[in-house]
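Hi there,

Here is the structure I promised to send over. Have a look at it first, and then read on for what turned up.

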Amino acid sequence: MSMYTFPENFWWGSAASGPQTEGRVAGDGKGDNIFDYWYEKEPEKFFNQVGPGKASQVYTKYKEDIQLMKQTGHNSFRTSIQWSRLLPNGTGEVNSEAVKFYRNYFAELLANDIEPFINLYHFDMPMPLQTAGGWLNRETVAAYEVYAKTCFELFGDQVKKWFTHNEPIVPVEAGYLYQLHYPEEANMTHAVQVGYHEALASALAIKAYHESKQEGQIGIILNLTPSYPRDENNPADVKAAKIADAFFNRSFLDPAVKGKFPQDLVDLLKEKGMLPEMQENDLQLIRENTVDLLGINYYQPRRIKEKETPKAENPMPEDYFDVYEMPGRKMNPYRGWEIYEKGIYDILMNVRDNYGNIPCFISENGMGVEDEGRFIQADGMIHDDYRIDFVSEHLKFVHQAIQEGANCLGYHMWTCMDNWSWTNAYKNRYGFISVNLAEDGKRIIKKSGYWFKQVADQNGFEE
Ligand code: BGP
């Protein structure tokens, strides 16, 4: 038996987002975002045609939910403000119902000793801004800056940990490369511009927050997917993996933490004639406004081999590498993602060694499983032992990294209670707490939730 004990005041909790949990009710004043719009237009693109409208009804059930957070060991919890709720048009008038809701929600968390970690953007572009180009349009950057400042003013007394984006690479990949989210484009020039504007917006929000002199921290949440070459002794595989790393990890990690874009990525985009449109002081702004805190989402590694297949018609990052399906890899078959626990350690070592050991935490890690009703036992509870295994195996590597000097301050699982997962809707369930859609969203804590409470109470676990 070994004891895995974590540093004092370790952040135990989970993460969620506004668009995936809140839902909408009549009179709430929320405007449409791209998912509301897309669902209305093409409901068949969503699993079982379930849209974001209902989500898990946190808007009305948050008090009950916060009690459940307590029962599952949370001392902190991350969600996001929905831009389209606070500013229904993306710019202009503030929705007073939204202010009331978020203030009550955050107050209730604080009253229960759960620190709110609040993210500003989780894939949810307000529709009026998207119609004008979304992140492609420089005006969105300015609108985002105003939105961020509005949030700091309205909620800064309650919120001391802010995040500018969750996984800013996802709108780039899903919206503009691989046609997975609205507007479903496959246009690398657009993808680069979108990513650039997100990075710039982040720097502007960081600047505004620091200038506001509020006593808190501001960071970014990135999904870091360590890029492993098929064969470490094959220079072509190694080079391909490095390029994939530049596209999908360092593209945001470097500007966020080091204040500049990775040179290899810049060179490559220049060669392709795809550098984004920039304005004069942008790069200085990015250089001078880096994050205080880094959130790391980790689900899966990226395995890469040299390019062996023909290139696609349009330019794509995959012009430089192929995805390698490693024989014998351990898979989560429901989500189709590889499970590789050591990846979380490798990320933390990389941050320690190459990013100044900036304060960081695991801001998402988790396992989505389909049809969890199969695992209900006579006690009425889902016995999700696979989730306990998943989390504990990852936590062991987090523990090891901390022993070796990683500045990792917490672990948040994705997610607190089952929620709406974009086009997969409620297909795969991730929560510590189940949500029964057939019974008006009835919540029941899963076995993993009780397990996590013990871990949080003991600040570790024995195994
Ligand atoms: C992350 C997102 C979350 C969440 C999670 C699970 O990338 O930040 O919003 O959805 O992944 O993924 P999915 O919902 O696609 O199964």
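Is cysteine 408 buried or exposed? Cysteine 408 is buried, and its relative accessible area is 3%. Please keep in mind that this is a predicted model.

While we are on cysteines: searching the whole structure gave zero disulfides. For cysteine 360, the nearest cysteine sulfur belongs to cysteine 408, 4.8 Å away, and cysteine 360 is in no disulfide. Cysteine 408 is likewise in no disulfide, with the sulfur of cysteine 360 as its nearest cysteine sulfur.

Now to the ligand. The space it takes is the largest pocket. Around the ligand you will find Gln20, His122, Asn166, Glu167, Tyr299, Arg335, Trp337, Glu364, Trp414, Ser421, Trp422 and Tyr430. By class, the residues of this shell split into five nonpolar, four polar and three charged.

- Tyrosine 430: an N or O atom of its side chain is 2.5 Å from an oxygen atom of the ligand.
- Serine 421: a polar side-chain atom lies 2.7 Å from a ligand oxygen.
- Glutamine 20: a polar side-chain atom lies 2.8 Å from a ligand oxygen.

As for how covered the ligand is, it exposes 370 Å² when taken alone, and the protein buries 92% of that.

Conventions:
Residues numbered from 1 in each chain as written. Predicted model: local features only at pLDDT ≥ 70, side-chain atom pairs only at ≥ 80, totals over all residues. Heavy atoms only, no water. Near = heavy atom within 4 Å. Polar contact = N/O pair within 3.5 Å; in protein donor to acceptor, adjacent residues only side chain to side chain. Areas by Shrake-Rupley, 256 points an atom, 1.4 Å probe, with all protein chains shown as cover. 1 Å grid on protein atoms, 1.4 Å probe; cavity = no way out; pocket = protein on both sides within 12 Å on 5 of 7 lines; lining within 4 Å. Sits in = over half its atoms within 2 Å of the grid points. Nonpolar A, V, L, I, M, F, W, Y, C, P; charged D, E, K, R; others polar. Disulfide = S-S within 2.5 Å. Buried < 20%, exposed > 50% of the residue type's maximum accessible area, 1.4 Å probe, protein only.
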